Amino acid sequence: MRNRQLVLVLAILLAALGVWAVLNIPIDAIPDISDVQVVIRTEYPGQAPQIVEDQVTYPLATAMLAVPGARTVRGYSMFGTSFVYVIFEDGTDMYWARSRVLEYLNQVAGSLPEGARPAIGPDATSVGWIFEYSLMDTTGRHDLADLRTLQDFFLKYELQSIPGVSEVATVGGFVKQYQVVVDPQKLLAYGIPLSHVRMAIQRSNREVGARLLELGEREFIVRGRGYLQGIDDLRKIPLKARDGTVITLDDVATIRHGPEIRRGIADRNGEGEVVGGIVLMRYGENALRVIERVKARLEELKASLPEGVTINIEYDRSRLIRDAVRTVTIKLWQQLAVVALIVFVFLLHVRSAFVALVTVPLGALTALLIMYLLGVNANIMSLGGIAVAIGVMVDASLVMVENAHKHLERVRQQGTRLSAAERFQVLLAAAREVGPSMFFSLLIVTVSYLPVFALQQVEGRLFRPLAMTTTFSMAAASVLAVTLIPALMVIFVRGRIRTEHQNPVARFFAWIYRPVIRYTLRRPWRVVFGSVLLLVLTLLPVQRLLLGRVYVDFPQIGSEFMPPLNEGDLLYMPTTLPGISPQKAKELLQQTDRIIKSFPEVKSVFGKAGRAETATDPAPLSMFETVIILKDPSEWRPGMTLDRLIEEMDRALRIPGLTNAWTMPIKTRVDMLATGIKTPVGDQDRGTRPAHAGRDRGPSGAGAASGARHALGLCRTGHGRELPGRGGRSRRGGSLRPDRGGRAGNRADGRRRHERDHHHRGPGALSGAGALSTRTAR
């Protein structure tokens with residue numbers, strides 16, 4: 001109080017730093033709960049999943065077990081592609097983990113077969129899918145191959161140069177190829193083996209360097225130019241000389257332009273195929289600012305596109321981020337206004353109310369400043385922590401101001417007119433009387449949130465921002481209550497201050513409070529017994545949560561990992577039959593998109609079948625992801641709600657071969673990372689006698705599903721032995737294999753754990769039709 005000028009200067013400086021942190025802190029809708037993981041994607045063209053599993057996935061997965069800090073290693077093998085996910089312990093630095101994986105990848109790369117090309121995925125997770133767009137041609141002069149070329153060699157490079165963008169993944173369209181279709185009969189007639197044709201093409205598509213040639217006081221670089229420039233050059237490649245006649249490639253094969261085998265299809269509004277782009281945000285970046293940069297760059301690039309080619313935004317997370325932050329901010333201001341009103345009503349002194357309330361915004365700014373310094377972004381959980389702490393933050397300052405009012409009231413009742421020095425001593429005595437008690441009471445409340453910091457894995461990453469802002473806010477309020485508040489009391493607590501008896505609101509609540517406290521003090525055992533009885537009654541609706549079962553019949557409270565967040569958009573993810581062809585997948589995708597677009601509440605539909613060209617999306621063709629952008633609710637039909645809209649869409653999309661699933665874009669990514677499947681609840685069947693299990697459990701449920709799989713000649717391979725990490729233990733089991741009669745046999749597999757899974761899983765835990773997965777745990 002004696003150095004109040006210094007305290008005020010420091011408070012202003014703290015407020016300025018807090019405002020700077022608010023303007024620069026990363027913003028997102030929800031915390032990123034993804035694990036620290038590094039993805040190794042290996043292309044092994046033309047190879048079956050079993051070959052990819054044996055020659056690529058298994059060697060990589062076993063080598064990654066030795067990476068320091070790795071908790072789990074997961075491998076997934078598909079046609080021509082292998083994905084290995086190395087998941088690290090909490091607290092591991094992302095780039096330290098990537099460098100360690102790269103070291104071990106260099107050690108094992110030499111043992112991989114020729115043609116296998118391993119590469120580390122982007123420094124992003126599937127939650128980093130923040131923006132999606134599509135390319136369309138409105139003139140009919142550009143086909144899907146042209147749009148794909150425009151995306152891969154123009155837009156992709158421009159967007160990847162934006163700060164904060166980790167990768168731009170392409171989905172859909174056709175990749176142009178020069179295709180050589182040989183005629184086996186002509187090869188046989190000329191006596192030319194197929195390997196000779198391949199070797200001739202490779203040798204003809206290269207340049208050879210030579211030495212320097214010095215002529216006329218100048219030097220010239222000598223080189224042999226041999227790169228192929230087009231189809232005509234391919235046709236002229238010599239294969240063999242026979243009786244003085246050169247046999248060229250054109251004599252034994254047909255050379256043409258054609259598309260590469262594709263594993264991803266994109267569609268817009270059911271009107272036809274398009275080429276899509278997915279922008280992945282770098283780990284830990286500011287999602288809102290990255291999206292703004294991407295949109296600004298796309299606006300600049302539109303002028304460079306060919307005539308008739310348009311860019312359509314299909315998914316934009318910035319709207320959700322702004323809506324979520326705006327909603328929480330409005331609620332914070334409303335809560336602050338209510339607290340301010342209550343404080344003013346009880347004090348009936350504007351300047352004193354200001355002193356009591358100043359700790360709330362200053363404490364919140366301090367919490368956001370600490371969050372910025374620690375690299376924690378602002379989201380609904382972290383801002384919600386400030387909302388939780390507002391009521392407690394104002395307590396200490398309010399008690400201190402009210403105690404100052406009491407002290408001033410006692411002195412004035414004696415008829416003494418206070419000088420400035422005497423008034424200072426009265427306020428100092430009031431602050432000393434309650435300051436230490438209020439400081440430690442706030443610290444006790446702050447310490448009560450410390451157990452939240454002990455949460456690990458997904459729970460810790462989700463709820464830790466809330467605990468951090470709550471703890472930092474109350475800790476700041478406790479410090480401000482014994483430093484800034486006494487200084488402000490000297491400046492603002494002056495003038496006419498009403499006594500408690502002059503305040504009608506205080507008199508009313510005192511009139512209610514006095515009989516209650518008298519009864520409590522006269523009959524303490526009744527009050528204690530009533531409190532214990534009330535506590536027992538509150539345990540009735542949580543019996544299942546606490547005890548695992550219901551002992552007393554009473555309605556039970558359910559549980560959920562996190563409260564549902566209405567993102568404003570929907571994600572339709574149907575499950576199709578395993579092994580579906582690209583043509584049929586395209587037909588189903590367009591059919592479902594066209595039906596969804598017919599609803600008046602839908603603004604646009606962007607569907608994806610299969611995977612995009614990124615290591616964060618190992619989806620099979622049988623996995624559909626349709627992003628549904630909804631109009632503003634004010635434009636919906638009267639009485640329409642989100643649940644009712646989903647029910648109507650589900651009834652309209654009952655197509656044979658499709659199992660519908662309705663969710664939301666971010667929620668799906670969170671569920672995939674937390675549970676390994678695309679919905680919060682799933683069923684997994686294991687056993688050594690699936691045929692008997694299906695018969696014992698009846699025609700419905702998992703038993704029937706298991707029997708159906710074996711009736712189709714399919715199997716769900718069980719687990720063999722998990723490869724142990726350092727200090728780990730191995731588990732042994734059996735793997736189910738169908739014999740020629742469609743029945744399942746049982747054999748021990750001590751090498752690795754395979755899993756052929758006909759559920760569609762998300763990044764980091766996905767398996768699908770035609771895919772094998774290897775899981776090795778540390």
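Because the model is predicted, local features were considered only at pLDDT of at least 70 and side-chain atom pairs only at pLDDT 80 or more, whereas totals for chains, interfaces and linings use all residues. Residues are numbered from 1 along each chain as its sequence is written, and side-chain values rest on heavy atoms, with hydrogens and water left out.

The chain contains 23 helices and 22 strands, where helices (H or I, at least four residues) and strands (E, at least two) are DSSP runs numbered from the N terminus. Of the 778 residues in the chain, 47% are buried; here buried means under 20% relative accessible area, exposed means over 50%, and partly exposed covers the values in between, with a 1.4 Å probe and protein chains only. Among contacts between residues at least 6 apart in sequence, 74% join residues at least 24 apart, a contact being defined by heavy atoms within 4.5 Å.

Helix α10 takes part in two of the helix contacts described here, one with α11 and one with α9. Helix α10 (residues 318-347) packs against helix α11 (residues 350-357) at an angle of about 135°, and their axes are 9 Å apart; axes are lines fitted to C-alpha atoms, for helices over the stretch in contact, and angles between N-to-C directions run from 0 to 180 degrees. The two helices α10 and α11 are therefore oblique to each other, given that angles under 35 degrees count as roughly parallel, over 145 as roughly antiparallel, 65 to 115 as roughly perpendicular and the rest as oblique. The crossing of α10 past α11 is right-handed, a crossing being left-handed if the near helix is turned anticlockwise from the far one by less than a right angle, and right-handed if clockwise. On the α10 side the contact is made by Val339, Ala340, Val343, Phe344 and Leu347, and on the α11 side by Val350, Ser352, Ala353, Ala356 and Leu357. These residues of the α10 and α11 contact comprise nine nonpolar, one polar and no charged, where Ala, Val, Leu, Ile, Met, Phe, Trp, Tyr, Cys and Pro count as nonpolar, Asp, Glu, Lys and Arg as charged, and the others, Gly among them, as polar.

Helix α9 (residues 287-301) and α10 cross at roughly 140°, and their axes come within 9 Å. The helices α9 and α10 are therefore likewise oblique to each other, but α9 passes α10 in a left-handed crossing. In this contact Ala287, Leu288, Ile291, Glu292 and Lys295 of α9 meet Ser318, Ile321 and Arg322 of α10, and the residues involved divide into four nonpolar, one polar and three charged.

Glu601 is placed in the loop between α19 (582-597) and β17 (602-610) and is buried, with a relative accessible area of 0%. Lys631, in turn, is placed in the loop between β18 (624-630) and α20 (642-652), and is partly exposed at a relative accessible area of 30%. Although Lys631 and Glu601 are 30 residues apart in sequence, their C-alpha atoms are 5.6 Å apart in space. With the same exclusion of residues up to four places away, Lys631 touches Pro600, Glu601, Val602, Lys603 and Trp636.

Asp143 is found in the loop between β5 (129-137) and α4 (144-160) and is partly exposed, with a relative accessible area of 44%. The side chain of Asp143 reaches the backbone nitrogen of Asp146 at 2.8 Å, and a polar atom of this side chain lies 3.3 Å from the backbone nitrogen of Ala145.

Most residues other than glycine have a negative phi. Asn269, in the loop between β13 (264-268) and β14 (275-281), has a positive phi of about 60°, yet counts as buried at 8% relative accessibility.

Note on methods. Polar contact = N/O pair within 3.5 Å; in protein donor to acceptor, adjacent residues only side chain to side chain.
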